[in-house]
Amino acid sequence: MTHSTSCAAKRRAGMSPSVIFLVGAGHAHLYVAARAKNLVERGARVVLIDPGTFWYSGLATGMLGGMYTAEQDQLDPKSLIEANGGEFIADRVTAIDASSQRLSLASGDTLKYDYLSLNVGSQVNAAAIDGIQEDPSVWSVKPVSNLWRLREHLETRFRVGEAPRVAVVGGGPTGSEVAANLAALGAQHHADMPITLVTHSDRLIKQAPKGAATKLLRNLTGRGVDVQLNTGIARREKDTLVAEDGRRLAADIVVLAIGLEANPLVTHTGLPVHKQEGLRVTPTLQSVADPRVFAAGDCASMDGLKLPKLGVFGVRQAQYIYQNLGACLQGASLQAYQPQKRYLAILNLGDGTAIATWGPFWWHGRSSMWLKNTIDQKFMQGYRN
């Protein structure tokens, strides 16, 4: 499908190449980086800005549970884009001035762009619970590298005979996977680690079929996870979580898997945003106020849509970011992104099985885990090659 929105081609005879900055090495920008040569051939200088390593969310909970190594979960975006004719800057963008088309970097440098694409992901809303900010015993599921650090931390404690009490806050797909894989990690080390999964909802994985949620609950409780439904957490006090109803839950370690919100960088652009949801974009994934600025994944928000913050959407948006940046270079019409109505979601339960869902359909077993592993390994290997 084409869309009426277009970009005027910037390159003219004798003029410098258009500068495209890709901010953040997320799913969408890996796709663009792997095809940067085609944009360079159309007269662009393509630069990816990111602090460094890409950690893949698809393998992250399996990495926590001991199924994958840290190296298996990582890609080098610098090698990827440089091998395809682009450039890499190992830095972090701290502010964006869309009016002057300039980026400010943590290093102090300022850069000017012709086109800008944001793929900076999301973060856990640490303000959702009182007393957790700056608490070293509280771990969030974002950035993904936290899950590797948490595994290292737990394994260090296991080696000296400790089995800390762990509470996972959030009963969505990520929180459920984290709890399941913590159980797997404890079992591998023969550590009797108490695990509590807490959610304010009356069931797990609300967006999944009810049967899948019931199966998940039975799997977790059967492996010793204490699942507390209808339990909102108000605050943290020392080694305790205090529920909204006053109940106290012992927790030496807390893992936050709640309240994902767009990276706050998008609020520092001067462009319209949906609070916590991301930069407001058109169907062509351009800012509603500035066609030179694109956004994809968890940091983008389309009017009238409230997409779950899942990687499957960023992966699908990737081809539209790439095609539309190319169209801008040539002054051509842009393509309108349409999110998939149904998508495959597979939860790794850490015991060799997984729960897969597709719309109203679901299935549990080793075949689901095989399928998930095959998809994830293919994704990673595609960029390594």
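In what order do the 3 strands of the open sheet with β27 stand, and is the pairing parallel or antiparallel?

Reply: First, the ground rules. This is a predicted model, where local features need pLDDT of at least 70, side-chain atom pairs count only at pLDDT 80 or more, and totals for chains, interfaces and linings use all residues. Residues are numbered from 1 along each chain as its sequence is written, and side-chain values use heavy atoms, with hydrogens and water left out.

Now the sheet. The order is β26-β27-β28, and the pairing is antiparallel. β26 and β28 (361–365) are the edge strands, each with a single partner, so one side of each has no neighbour in the sheet. From one strand to the next, the twist averages 15°. Angles here run from 0 to 180 degrees between N-to-C directions, with axes fitted to C-alpha atoms, for helices over the stretch in contact. Strands (E, at least two residues) and helices (H or I, at least four) are DSSP runs, numbered from the N terminus.

Take the pairs one by one. Two strands pair if DSSP finds at least two bridges between them. β26 and β27 (residues 354–358) share 5 bridges. One of the links is N348, whose bridge partner in β27 is A354.

Helix α9 lies across β26, β27 and β28. α9 runs at about 100° to β28.

The buried residues of α3 pack against β26 (344–348) and α9 (366–384), among others. Contact means heavy atoms within 4.5 Å. The other packing partners of α3 are β4 (54–55), α5 (145–159) and α6 (173–188).

How enclosed is α3? 7 of the 8 residues of α3 (residues 57–64) are buried, so this helix is largely enclosed by the rest of the structure. Buried means under 20% relative accessible area, exposed means over 50%, and partly exposed lies in between, using a 1.4 Å probe and protein chains only. The buried residues are G58, L59, A60, T61, G62, M63 and L64. After α3 comes G66, with a positive phi near 95°.
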